[in-house]
Number of protein chains: 2
Amino acid sequence: MGTLNEFQSGRDLSMEGLCTRLLERHREIVRIKKPHVAVANLARIVETTLTIANRKGFHSMSLRDLAEGSGLSMGGLYAYFDGKETLLMMILDTVAAAVDEVLGAPPPDLAGDPRARLRWLLETHVYLTEAMQPWFTFAYMEAKAFPQAGRDAATRSELATEALIADILADGVARGVFRVADVTMTAALVKPLLQDWYVKRSKYRRRGVTPERYARSVIAFVEAAVTPPADRSPTAP
Amino acid sequence: MGTLNEFQSGRDLSMEGLCTRLLERHREIVRIKKPHVAVANLARIVETTLTIANRKGFHSMSLRDLAEGSGLSMGGLYAYFDGKETLLMMILDTVAAAVDEVLGAPPPDLAGDPRARLRWLLETHVYLTEAMQPWFTFAYMEAKAFPQAGRDAATRSELATEALIADILADGVARGVFRVADVTMTAALVKPLLQDWYVKRSKYRRRGVTPERYARSVIAFVEAAVTPPADRSPTAP
DNA sequence: AAAAATCGAGCGAGCGCTCGCTATTTTATG
DNA sequence: CATAAAATAGCGAGCGCTCGCTCGATTTTT
């Protein structure tokens with residue numbers, strides 16, 4: 001099993017890397033010409049937004065707060081987005097894109113091994129959400145309270161992850177490795193275990209729980225629930 | 001195992017019953033003298049608040065929205081609370097009180113049976129949150145974004161429930177009924193399974209999942225994770 | 001000197017909240 | 001038992017303020 005340090009997503013998940021791709025997806029909204037200027041300021045804007053919004057909510061963050069925190073002026077901000085709602089959407093779709101990119105590319109050599117695929121998915125999800133913790137907290141907290149497009153995107157992303165889990169479980173059942181009464185229901189129950197890592201991150205930090213340990217715990221918990229009793233006898237591997 | 005219909009909490013969880021107790025706890029704030037008038041209008045105020053806030057967030061609900069929805073005027077509302085924030089607190093502490101009252105009173109005859117206690121707790125939690133679903137959704141969504149006192153209350157309530165789970169697990173381990181590597185960690189993982197029921201209620205409704213079935217699934221999932229392998233062999237009961 | 005980036009005072013809309021007032025019910029009085 | 005007096009409940013225009021957003025002026029870069 002891997003560790004957070006070994007975790008290689010094949011994607012740059014740093015603030016700069018994420019904002020570079022954010023800029024590419026929104027060239028027609030960001031009115032700044034020089035990419036290095038745009039990316040640098042987007043990074044400060046997003047960083048500040050995540051910090052303030054995760055403390056008191058996106059709605060309660062005023063653009064004056066954001067201007068002060070990011071070092072730009074009120075008017076300056078509007079060269080980077082055309083409204084507060086657009087800023088929200090930019091952040092939300094950056095999270096969704098990261099999920100697609102990272103979880104959508106499992107190592108091909110695991111294809112025939114449902115147990116390994118499940119471990120990889122759970123572990124990678126924990127490490128991904130650890131690397132982008134403020135982004136995921138933001139998306140989780142704000143997606144519900146905002147306009148239809150945002151809600152839909154969040155729902156779709158959530159269901160996509162659930163479908164990945166369900167797919168692995170179904171494969172495992174077909175191969176006789178797992179025993180699961182209801183694949184859809186079980187997948188639905190696994191999802192909140194993954195979300196808890198970033199939703200309650202501060203609780204786990206306070207308790208000194210590392211990402212590695214959390215991933216191990218979730219894997220053990222889920223595997224116990226899907227492994228046929230016969231394979232779990234104390235003498236089995 | 002019980003069903004939602006048989007579920008008797010020993011407390012009136014109807015809107016009227018809850019608002020009656022809410023009024024008792026806040027007599028010095030509610031300036032309406034006649035209890036039957038106060039309770040009736042509080043019920044309409046709270047009902048409207050939960051509906052609007054769960055759709056677009058408490059912060060985005062204006063008191064004009066609330067006045068229109070509840071049938072009172074702007075000024076009239078202020079006879080029932082002394083500010084928007086107080087209204088929030090009234091609702092949050094009603095939820096906390098209900099949790100204490102219902103989960104704090106397990107059937108005494110289960111005392112010696114950790115497995116039965118665990119089942120009762122999980123089942124009762126699902127039924128309680130089903131009966132007060134809009135209240136719990138509201139508390140979950142709004143507690144974080146609001147003032148210190150609210151955050152603290154939410155954290156304390158959350159940890160209290162977790163402690164109830166941990167207590168049962170520890171008892172089960174001591175009696176050799178459960179096998180759990182880390183009681184605190186496992187309790188932490190059970191909590192989000194219970195929260196998912198009201199946080200994602202609409203998803204489960206869309207899929208036709210009943211409270212009974214959800215409770216059964218969670219119980220099966222958790223029991224698989226805490227039952228020693230030996231007791232799970234196909235020949236065991 | 002042209003282009004790009006940034007500035008910040010100012011706008012109208014909408015917010016939470018107040019207050020002088022009316023309408024209704026309860027109580028006191030001859 | 002009428003009715004005056006007091007208490008209670010409710011009203012909604014309007015206040016001060018902050019919000020998201022705009023735009024002509026200004027600074028910085030090339």
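Predicted model: local features only at pLDDT ≥ 70, side-chain atom pairs only at ≥ 80, totals over all residues.
A polar contact here is a pair of N or O atoms within 3.5 Å; within protein, one must be able to donate a hydrogen and the other to accept it, and residues adjacent in sequence count only if both atoms are side-chain atoms.

Residues are numbered from 1 along each chain as its sequence is written, chains are lettered from A and ligands numbered from 1 in the order in which they are written, and side-chain values use heavy atoms, without hydrogens and water.

DNA strand D, then. For Lys34(B), a backbone N or O atom sits 2.8 Å from a phosphate oxygen. Asn41(B) uses a polar side-chain atom, at 3.0 Å from a phosphate oxygen.

Now step back. How many residues surround DNA strand D? There are 23, and the closest include Arg64(A) and Lys33(B). Near means a heavy atom within 4 Å. Sugar and phosphate make up 59% of the atoms of DNA strand D that come within 4 Å of the protein.

Next, the two chains. Helices are DSSP runs (H or I, at least four residues), numbered from the N terminus. Ala188(A) and Leu189(A) are among the residues of H9(A) that meet H9(B). Contact means heavy atoms within 4.5 Å.

Methods
Helix = DSSP H or I, 4+ residues; strand = E, 2+ residues; numbered from the N terminus.
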